[in-house]
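Please look over the structure below before reading the report. The notes cover a helix and a sheet.

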Amino acid sequence: MFNETYKLANGIEIPKLGLGTWLLDDAQAAQAVVDAIAIGYRHIDTAQAYMNEAGVGEGIRSCGVAREELFITTKVAAEAKSYDAVVQSIDESLTKMGLDYIDLVIIHSPQPWKEFREESRYFEENKQVWAALEDAYKKGKVKAIGLSNFLQDDIENILASCEIKPMVNQILAHVSNTPLELIEFCQKNDILVEAYSPIAHGEVLENAEVKVIADKYGVSVAQLCLRYDIQLGLVVIPKTANPDHMSINAKLDFIISEADMELLKNAEPIQNYGEHSFFPVFGGKLK
């Protein structure tokens, strides 16, 4: 699995499987990066909002693998909605991680988290944010640029005036919550879709219907969920600090039948993401 990649619109290759680091502190992130790279991972995903870029950078420097063999993603904070704020934030990410360049930088959200999916769409502000990403790309500070949590009209707003098209859109996409129309729109526009929380933050593990299908293939529910997203043409970035889970998550050399893919696409939607339901990406609202 570790050798399998997709090609971005600019020709850069991105591993299909990455390690997510959300909710890990600096120390946990540093160790997780070292462990994951030792297992074979070459794609690491972080964000300014995760407050662990320094830890990720420490892991990169101490992992024993050459920097150019790794694919590192970070995300511009959702609250950074001006050209100057984004220029500063990218420089801060480079400094915190101790890197000369970042492989992929994406806008974490079209709106600040406290206004996520509310009336104000920040269309004009996001054009300024995108212009800053384009300039960082031209200067070689970043090798690829993209979006996260952008809906179709958010993406169309960028496409209407951009010089460099977005290369990815990282979204919530998992069994029981698969935004197929948005995925199709992105793919038609040569925008690779990345799936965060591809195991539904663990909530899908209790789904009896999905468990039956996983048993049929002799795999775990987590493995089935990751394979499902990959067969949809998505990058998957499951988050874990557990080396055993990292290893299991990489064993995806099986094929889900078309019939079972249809069943999984139509699995009963998850209504509650447990203790993490308050996060905006899971339908909650920050105060």
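The model is predicted. Its open sheet has eight strands in the order E3-E4-E5-E6-E7-E8-E9-E10, and the pairing is parallel. Strand E3 (19–20) and strand E10 (235–236) form the edges, each pairing on one side only. Strands of a sheet pair through backbone hydrogen bonds, either parallel or antiparallel.

Within this order, strand E6 (residues 104–107) is joined to strand E7 (residues 145–148) by three bridges in the parallel sense. Ile-107 has Leu-147 in E7 as its bridge partner. Helix H4 (residues 123–138) lies across E6, E7 and strand E5 (71–76), and runs at about 145° to E7.

Helix H7 spans residues 208–217, and its residues Val-210, Ile-213 and Ala-214 are buried. Seen down the axis of H7, the buried residues fall within an arc of 100°, so they line one face of the helix. An α-helix has 3.6 residues a turn, so residues three or four places apart point the same way.

The cover over the buried residues of H7 includes helix H8 (221–231) and helix H10 (258–265). On the face turned away from the buried side, H7 carries the exposed residues Ala-208, Val-212 and Lys-216.

## Ends of helix H7

At the start of H7, Asn-207 places a side-chain oxygen within 3.0 Å of the backbone nitrogen of Glu-209. After H7 comes Gly-218, which has a positive phi, near 70°.

Technical notes: Residues are numbered from 1 along each chain as its sequence is written. This is a predicted model: local features need pLDDT of at least 70, side-chain atom pairs count only at pLDDT 80 or more; totals for chains, interfaces and linings use all residues. Side-chain values use heavy atoms; hydrogens and water are left out. Buried means under 20% relative accessible area, exposed over 50%, partly exposed in between (1.4 Å probe, protein chains only). Helices (H or I, at least four residues) and strands (E, at least two) are DSSP runs, numbered from the N terminus. The arc is that of the directions from the helix axis to the C-beta atoms. Contact means heavy atoms within 4.5 Å. A polar contact is a pair of N or O atoms within 3.5 Å; within protein, one must be able to donate a hydrogen and the other to accept it, and residues adjacent in sequence count only if both atoms are side-chain atoms. Two strands pair if DSSP finds at least two bridges between them. Axes are lines fitted to C-alpha atoms, for helices over the stretch in contact, and angles run from 0 to 180 degrees between N-to-C directions.
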